[in-house]
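Dear colleague,

Please find below the structure that I am handing over to you.

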Amino acid sequence: PRSEGADSRTTCVVSKKVARHAVDRNTIKRRCREAVRPLLTTVKKPAFFMFYAKRESLGASFQDVQKDIISLFSEL
């Protein structure tokens with residue numbers, strides 16, 4: 001949780017164990033950020049969100065990532 005005047009923030013963490021090459025890590029991060037961006041406005045209370053990528057995310061499409069993140073936000 002964050003203070004009331006602040007905005008919600010998010011970060012996507014991708015370790016070298018998940019994706020060895022920086023290009024792949026950055027691709028996963030970009031997909032994560034773009035999937036989360038429209039959902040941040042639906043959060044009622046400002047909060048920090050941290051996503052840790054798994055190995056499966058390297059081969060996942062954007063729609064798969066988006067579907068997983070939407071399901072996580074629906075639990076809030």
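Predicted model: local features only at pLDDT ≥ 70, side-chain atom pairs only at ≥ 80, totals over all residues.

Overall fold

The protein contains 3 helices and 2 strands. Their order, starting at the N terminus, is β-α-β-α-α. Along the principal axes, the C-alpha atoms occupy a box of roughly 40 × 20 × 15 Å. Of the 76 residues in the protein, 29% are buried.

Helix α1

Helix α1 covers residues 22–36, which makes 15 residues. From its first C-alpha to its last it reaches 21 Å, close to the 21 Å expected at 1.5 Å a residue. Which residues of α1 are buried? They are R25, I28, C32, A35 and V36. In a view down the axis of α1, these buried residues fall within an arc of 100 degrees, so they line one face of the helix.

Salt bridge

The count of salt bridges comes to 1. It joins the side chains of R37 and E34, with an N to O distance of 2.6 Å. E34 counts as partly exposed because its relative accessibility is 41%, a value that falls between the limits of 20% for buried and 50% for exposed.

Helix α3

Helix α3 is formed by residues 62–74, 13 residues in total. Its span from first to last C-alpha is 18 Å, close to the 18 Å expected at 1.5 Å a residue. The buried residues of this helix are V65, I69 and F73. Seen down the axis of α3, they fall within an arc of 70 degrees, and they therefore line one face of the helix. The face turned away from this buried side carries the exposed residues Q63, K67 and S74.

K67, which lies in α3, has a relative accessibility of 54% and so counts as exposed, the cut-off being over 50%. Between K67 and F51, which are 16 residues apart along the chain, the C-alpha separation is 14 Å.

Strand β2 and the surface

Strand β2 comprises residues 48–52 and includes M50. F48 is also found in β2. Is F48 buried or exposed? F48 is exposed, because its relative accessible area is 55%, and exposed means over 50%. F73 is one of the buried residues of α3, whereas F48 is exposed.

M50 also takes part in a nonpolar surface patch, together with V13 and Y52. The area of this patch is about 320 Å².

The segment before β1

S8 is located in the segment before β1, the strand made of residues 9–13. S8 has a relative accessible area of 17% and is therefore buried, the limit for this class being under 20%. Where does the side chain of S8 reach? It comes to the backbone nitrogen of A47, at a distance of 3.2 Å.

Yours sincerely

Methods: Residues numbered from 1 in each chain as written. Heavy atoms only, no water. Helix = DSSP H or I, 4+ residues; strand = E, 2+ residues; numbered from the N terminus. Buried < 20%, exposed > 50% of the residue type's maximum accessible area, 1.4 Å probe, protein only. Polar contact = N/O pair within 3.5 Å; in protein donor to acceptor, adjacent residues only side chain to side chain. Patch = residues over 30% accessible without salt bridge, like charges linked within 9 Å, V, L, I, M, F, W, Y side chains within 5 Å. Areas by Shrake-Rupley, 256 points an atom, 1.4 Å probe, with all protein chains shown as cover. Salt bridge = Lys/Arg side-chain N within 4 Å of Asp/Glu carboxyl O. Expected span 1.5 Å × (residues − 1). Arc of directions from axis to C-beta.
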